[in-house]
Amino acid sequence: MRRALWLLAATLGLFSVLIVNGRPLFYFDTMGYYEQGVVALRSLGLLPAPEALAGGGGGATPHTVDGSRSPFYSLLAGLLAAVSAFDLLILFNVGVLVAAIALVARIVRRLYAPALDPVAFAALAIIAGSFGSLPFYAAYLMPDLLAPVLLITVAAITAFGRDMRPAELFAAFLLASIAIVSHLSHYGIAAAMVPAVALVAVLAGRRRWWLPPLILLAVVAVGYGQQQAFRLIAAKTVKSDVVIQPYITARLIQDGPGYDWLEANCPDTAIVTCKLWDALHISDDPYRLTASHIVFETSKRLGSYRLMTPEDQKAVSDAQVGFFKDVLKDMPFAVAGAFIVNTFKQSAMVSVDMTIPTEQIERRNRVVTETLTGPLVRGRLAGDRRWIDTSVRLHRIYYAAALLLSVVLLLGPGLPKGLRVFGVMILLGVLANAFVCGGISQPANRYGARVVWLVPMLAAMLLYWSARPPAAREKL
């Protein structure tokens, strides 16, 4: 009976936003995953011949395919859309998350406290997250909920990996692999965490210290393999190149070092990115230099990249890593400073406002309506948005208190080493998310709020353990 009550409370918390809103939440890019998935299924011969799709496949130029979206998640979206169950993406996202939290609860019980109730442990973690941003992302038709899955599994592998059973290691690897192939930013986060995982694993003990970083490298290899397979399949089936939008280039330009470098080195026909430099001067509006306008805007007042020829767009996109290396070589301190500033800026951005669709987002996603089990509407929460400001203030207080409690419990006595390492890795993972999303893409509430609920989740786990009587902590 107690387990049933825990499960009921966790379920109500997790789906509270979906219940209150009445319909799933969605974003500009929700339609992009649908479109790219449908195009992929048609290219593979699994759906009838294509008709013209609004939006042109989400920003790809002729003879190119947009590689900024996950092929795996797009295919999943396309398959569910084909059977008019697109909104079941919510159950997939939530199922993977619950599996990751349940895995941690199972490992903690087996390693440290056989009498611990894993259902209560996992349910309390979910309930704590549900007082924050978690239920908004549980209702979101986007892959963002899988970012915390990646952080949870990486933390578990680092903290418990050397003592995990083969089946547990495989489960953690599988969940992390699903997470990394679901969004391009997850690939960057996992890669950025490899050094931290190796260092923390060594500090935690020399016995099999190499196992956690080795497993994470295997997960990164899965992400890399998806990108390479996508390029091969695109070339074979639709005779197109895969292009990733120039987020790094745009970010460097907005932050300053990239703009200064181009100003000092352009015009130069040998430098591919100078093509973008020319396009940036079609207008003198200062807002044209924001990363989002550089990458997505099509008007002459604010646009640049989208106003270039398809061939030049592809060339600038392909050159973005080389451009980053050139700027870093000439201006290392300026680039490092920009990354640090953006990381801290991203860490403070925790509002759920970007999960609540606007009228513009609703209009863009109308094509998805026929693929859902119900109508595509913004729901109750999108009517009067004044509640968002109040929620941000309350959430900030909640997260700050949870962070303080987590730090106090991590530094205090009574925690087993593995649980302590798990907590440290969760906090480092939240910072890694801010570093990658803020530094490479653009600081945005959506990226911060998707993982910040992990802090109260961690606090609840540590508090649950610390509140147990010493006799109940069988193995320390």
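Reply: Happy to! Contact here means heavy atoms within 4.5 Å. Please keep in mind that this is a predicted model.

Me: Thanks! Which residues in α24 do Ala120, Phe121, Leu124, Ala125 and Ala128 in α7 meet?

Reply: Helix α7 covers residues 118-130 and helix α24 covers residues 454-466. Under that contact rule, the five α7 residues you list meet Pro456, Met457, Ala460, Met461 and Tyr464. By class, the contact has no polar and no charged residues, and its nonpolar residues number ten.

Me: At what angle do helix α7 and helix α24 pack, and is their crossing left-handed or right-handed?

Reply: The axes of the two helices lie 7 Å apart. Their packing angle is about 145°. As for the hand, the crossing of α7 and α24 is right-handed.

Me: Which parts does the pair of aspartate 144 and arginine 450 tie together, and how many residues apart in sequence are they?

Reply: The two side chains form a salt bridge, at 3.7 Å from N to O, and the cut-off for such a bridge is 4 Å. Aspartate 144 sits in the loop between α8 (134-138) and α9 (146-160), while arginine 450 belongs to helix α23 (residues 445-452), so the pair links parts separated in sequence by 306 residues.

Me: Which helix gives the most to the nonpolar patch on the surface?

Reply: The patch is formed by Met1, Leu5, Leu8, Leu12 and Ile19, with about 560 Å² of accessible area together. Leucine 5, for one, is found in helix α1. With three residues, the biggest giver is helix α1 (residues 2-14).

Definitions and conventions: Residues numbered from 1 in each chain as written. Predicted model: local features only at pLDDT ≥ 70, side-chain atom pairs only at ≥ 80, totals over all residues. Heavy atoms only, no water. Patch = residues over 30% accessible without salt bridge, like charges linked within 9 Å, V, L, I, M, F, W, Y side chains within 5 Å. Areas by Shrake-Rupley, 256 points an atom, 1.4 Å probe, with all protein chains shown as cover. Helix = DSSP H or I, 4+ residues; strand = E, 2+ residues; numbered from the N terminus. Axes fitted to C-alpha atoms, helices over the stretch in contact; angles between N-to-C directions. Left-handed = near helix turned anticlockwise from the far one by under 90°. Nonpolar A, V, L, I, M, F, W, Y, C, P; charged D, E, K, R; others polar.
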